Amino acid sequence: MKKFWRCHVCNDVHYGVNPPEVCPTCLVKKAYMEISSEEAKKISGRSESTVDKVDFRKAIEKFSEGNQFQVNPDKKRVETLLEGIFNCEKNHGMKYCPCRLITKNFEDDLKLVCPCNFRIHETYKNKEDGECWCGLFIRRQ
Ligand code: SF4
Ligand SMILES: [Zn+2]
């Protein structure tokens, strides 16, 4: 079962079955201890103000680079979706998908943090011109 882990040196949070052997941020060995999802939520909430819409836009571009998908070239659509994602963050504390409803169960709602694992969506998987549920990402042609 996946759990949350926190680097006691630099506060990196890791979510996984086991913690990383070496912290990827501060490079300290055996630095992680298990924490509650509430603590993880509070720590990740702290970074809210440091990733603005421009940074997020750059991050999704970078994430798509060399991948089988790209950010939708329809700029207006992307702008509207980013607006929705940032409203979710303001109202619910995380960058949740603007097209789906959160359950208020933190672990369940982690599946709705953008970008989600959209490659498993029907709207993406079986289609040549597949896209994520909201159309923020589309398959590269
Ligand atoms: S469906 Fe698209 S917009 Fe929604 S969370 Fe997933 S990647 Fe983001
Ligand atoms: Zn660390």
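Two strands are taken to pair if DSSP finds at least two bridges between them, and helices (H or I, at least four residues) and strands (E, at least two) are DSSP runs numbered from the N terminus. The structure is a predicted model, in which local features need pLDDT of at least 70 and side-chain atom pairs count only at pLDDT 80 or more, whereas totals for chains, interfaces and linings use all residues. Residues are numbered from 1 along each chain as its sequence is written, while chains are lettered from A and ligands numbered from 1 in the order in which they are written.

The protein chain is divided into domain 1 (3–46) and domain 2 (51–139), the bounds coming from an automatic or database domain assignment. Between the C-alpha centres of domain 1 and domain 2 there is a distance of 24 Å.

Strand 1 and strand 2 pair in the antiparallel sense over four bridges, and tryptophan 5 has histidine 14 of strand 2 as its bridge partner. The hairpin formed by strand 1 and strand 2 has five residues between the strands, and within this hairpin asparagine 11 takes a positive phi near 70°, although asparagine 11 is not a glycine. Asparagine 11 lies in the loop between strand 1 (3–7) and strand 2 (13–16). Burial is assigned from C-beta atoms placed from the backbone, a residue being buried if 20 or more other C-beta atoms lie within 10 Å of its own, exposed if 12 or fewer, and partly exposed in between. Asparagine 11 counts as exposed because it has 12 C-beta neighbours inside 10 Å. A positive phi, near 45°, is also found at lysine 30, a residue other than glycine, which is placed in the loop between strand 2 and strand 3 (32–35). Lysine 30 is exposed, since 11 other C-beta atoms lie within 10 Å.

Helix 2 (residues 53–64) comprises twelve residues and reaches 17 Å from its first C-alpha to its last, close to the 16 Å expected at 1.5 Å a residue, where the expected span is 1.5 Å times one less than the number of residues. Helix 2 is hardly covered, as one of its twelve residues is buried, and just after helix 2 glycine 66 takes a positive phi of about 70°. Glutamate 79, in helix 3 (residues 75–92), is exposed, with 12 other C-beta atoms within 10 Å. Glutamate 79 and valine 54 are separated by 25 residues in sequence and by 11 Å in space, C-alpha to C-alpha.

A nonpolar core is defined as a set of buried Ala, Val, Leu, Ile, Met, Phe, Trp, Tyr and Cys residues joined through C-beta atoms within 7 Å. In the largest such core, which has 13 residues, Tyr96, Cys97, Cys132, Cys134 and Leu136 touch the most other members. Helix 3 and strand 5 (137–139) each supply at least two residues of this core, and helix 3 provides the largest share, three residues.

Ligand 1 is surrounded by Leu81, Cys97, Cys99, Cys114, Pro115, Cys116, Phe118, Cys132, Trp133, Cys134, Leu136 and Phe137, a residue being near a molecule if its C-beta atom, placed from the backbone, lies within 6 Å of it. This shell divides into twelve nonpolar, no polar and no charged residues, where Ala, Val, Leu, Ile, Met, Phe, Trp, Tyr, Cys and Pro count as nonpolar, Asp, Glu, Lys and Arg as charged, and the others, Gly among them, as polar. Cysteine 114 and proline 115 are joined by a cis peptide bond with omega of about -5°, and proline 115 is found in the loop between helix 4 (106–109) and helix 5 (122–125).
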